[in-house]
Amino acid sequence: MKPERIEVVFYWVTDLNAVLPFYTDVLGLEAGPRYGDWQEFHLGGTARFALHGGAQPRTGPTAAVSFAVESLENAMAELAAAGHHPTDEITDTGAARFVTYEDPEGNPLQLLERH
């Protein structure tokens, strides 16, 4: 069996309504359909990103999502202006540069700029 594509990446969050403004207001993602404790976002392409509310037990982040940006510096400046700072330094792999942030519940997310 070989998977065809990424269908959805989602984070479990304990308070969906409290975390949602970080993704819509700070990151500027467009909220898509919401089904109870499931909130999707419009990103374009075939892969989907979502938040799943509920008291799912966890001991720490289990995944990270990378959001493509045109300019890493511009995106970082916008986040800094909103009071959000990276958890590490910019990493340059030669193919891309990325930096990691955390949402209000400590879920890691990366901003990635391809060379």
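Biologist: Where does Arg5 lie, and at what relative accessibility does it count as partly exposed?
Modeller: This is a predicted model, in which local features need pLDDT of at least 70, side-chain atom pairs count only at pLDDT 80 or more, and totals for chains, interfaces and linings use all residues. Residues are numbered from 1 along each chain as its sequence is written, and side-chain values use heavy atoms, with hydrogens and water left out. Arg5 lies in the segment before E1, where helices (H or I, at least four residues) and strands (E, at least two) are DSSP runs numbered from the N terminus. Since buried means under 20% relative accessible area, exposed over 50% and partly exposed in between, with a 1.4 Å probe and protein chains only, Arg5 counts as partly exposed at 47%.

Biologist: How far apart are the C-alpha atoms of Arg5 and Tyr23?
Modeller: Tyr23 is one of the buried residues of helix H1, whereas Arg5 precedes E1. The two residues are 18 apart along the chain, and their C-alpha atoms are separated by 24 Å.

Biologist: Which residues of H1 are buried, and around what arc do they lie?
Modeller: In H1, which covers residues 16-26, the buried residues are Leu16, Val19, Leu20, Phe22 and Tyr23. They lie on the same side of the helix, because the arc that they cover, taken from the directions from the helix axis to the C-beta atoms, is only 155°.

Biologist: Which exposed residues does the face of H1 turned away from its buried side carry?
Modeller: The buried residues of H1 have cover that includes E1, E2, E3, E4, E7 and E8, with contact meaning heavy atoms within 4.5 Å. The face turned away from that buried side carries the exposed residues Asn17 and Asp25.

Biologist: Which elements are included in what covers the buried residues of H2?
Modeller: Helix H2 spans residues 72-81, and its buried residues are Leu72, Ala75, Met76 and Leu79. These cover an arc of only 100° around the axis, which means that they sit on the same side of H2. The face turned away from them carries the exposed residues Glu78 and Ala81. What covers the buried residues includes H1, E7 and E8.

Biologist: Which residue with a positive phi follows H2?
Modeller: Each helix is followed by a glycine with positive phi: after H1 this is Gly28, with phi near 80°. After H2, with phi near 90°, it is Gly83.

Biologist: What C-alpha to C-alpha distance separates Tyr101 from Trp38?
Modeller: In sequence, Tyr101 and Trp38 are 63 residues apart. In space, their C-alpha to C-alpha distance is 22 Å.

Biologist: What is the radius of gyration of the chain?
Modeller: The chain has two helices and eight strands, running β-α-β-β-β-β-α-β-β-β from the N terminus on. With the radius taken over C-alpha atoms, and the globule rule being 2.2 Å times the number of residues to the power 0.38, the rule gives 13 Å for 115 residues; the chain is therefore as compact as a globular protein of that length, its radius of gyration being 14 Å.
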